Amino acid sequence: LQLALEGDGTTALSPIPARGATVLEIGSGIGTAAIGLALALQAERAEEHGAAEASSASSAPTAIVATDICSDSLANLAANALSHGLRVAGEGEQPPGGSI
């Protein structure tokens, strides 16, 4: 998770931006990494609120697509995301920006 947020210090792996990206996590389980990333990016967007927001308002918040083969895990993931105040898209639904 930290590597995704900070990158590796080279151009080979840049940090995931708070806006304008889509992240896919395969095998999300209960959503620990996906929810942690979503909350960290949400906090980063809150920090840019104000003068800097005007320049980034044209791009949507980064969306995180968390997947798992187990429907029970996905149900737990959705409940965990909602309990943290995150938006959750349903199966087959296009995730809105800033959602899991």
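Helix H4 is followed by Gly85, whose phi is positive, near 80°. Helices (H or I, at least four residues) and strands (E, at least two) are DSSP runs, numbered from the N terminus. The model is predicted: local features need pLDDT of at least 70 and side-chain atom pairs count only at pLDDT 80 or more, whereas totals for chains, interfaces and linings use all residues. Residues are numbered from 1 along each chain as its sequence is written, and side-chain values use heavy atoms, with hydrogens and water left out.

**Helix H4**

H4 comprises residues 71-83, 13 residues in total, and spans 18 Å from its first C-alpha to its last. This is close to the 18 Å expected at 1.5 Å a residue, where the expected span is 1.5 Å times one less than the number of residues. Ser73, Leu77 and Ala81 are the buried residues of H4; buried means under 20% relative accessible area, exposed over 50%, and partly exposed in between (1.4 Å probe, protein chains only). Seen down the helix axis, these buried residues fall within an arc of 70°, so they line one face of H4; the arc is that of the directions from the helix axis to the C-beta atoms. An α-helix has 3.6 residues a turn, so residues three or four places apart point the same way. The buried residues of H4 pack against H2 and strand E2 (63-67). On the other side of the helix, Ser71, Asp72, Leu82 and Ser83 are exposed.

**Two loop positions**

Gly27 lies in the loop between strand E1 (22-26) and helix H2 (32-47). Ala60 is placed in the loop between helix H3 (53-56) and E2, and is partly exposed, with a relative accessible area of 44%. Contact means heavy atoms within 4.5 Å. Not counting residues up to four places away in sequence, Gly27 touches Thr67 and Asp68, while Ala60 is in contact with Arg19 and Gly20. The table gives C-alpha separations for one pair at each position.

| Pair | Separation in sequence | C-alpha to C-alpha distance |
|---|---|---|
| Gly27 and Thr67 | 40 residues | 5.7 Å |
| Ala60 and Arg19 | 41 residues | 5.6 Å |

**The protein overall**

The protein has 4 helices and 2 strands, which follow the pattern α-β-α-α-β-α along the sequence. Of its 100 residues, 30% count as buried. Among contacts with a separation of 6 or more, 70% are between residues 24 or more positions apart. The accessible surface of the protein comes to about 5,900 Å², of which 57% belongs to carbon and sulfur atoms; accessible areas come from the Shrake-Rupley method with a 1.4 Å probe, and for residues only the protein chains shown count as cover.
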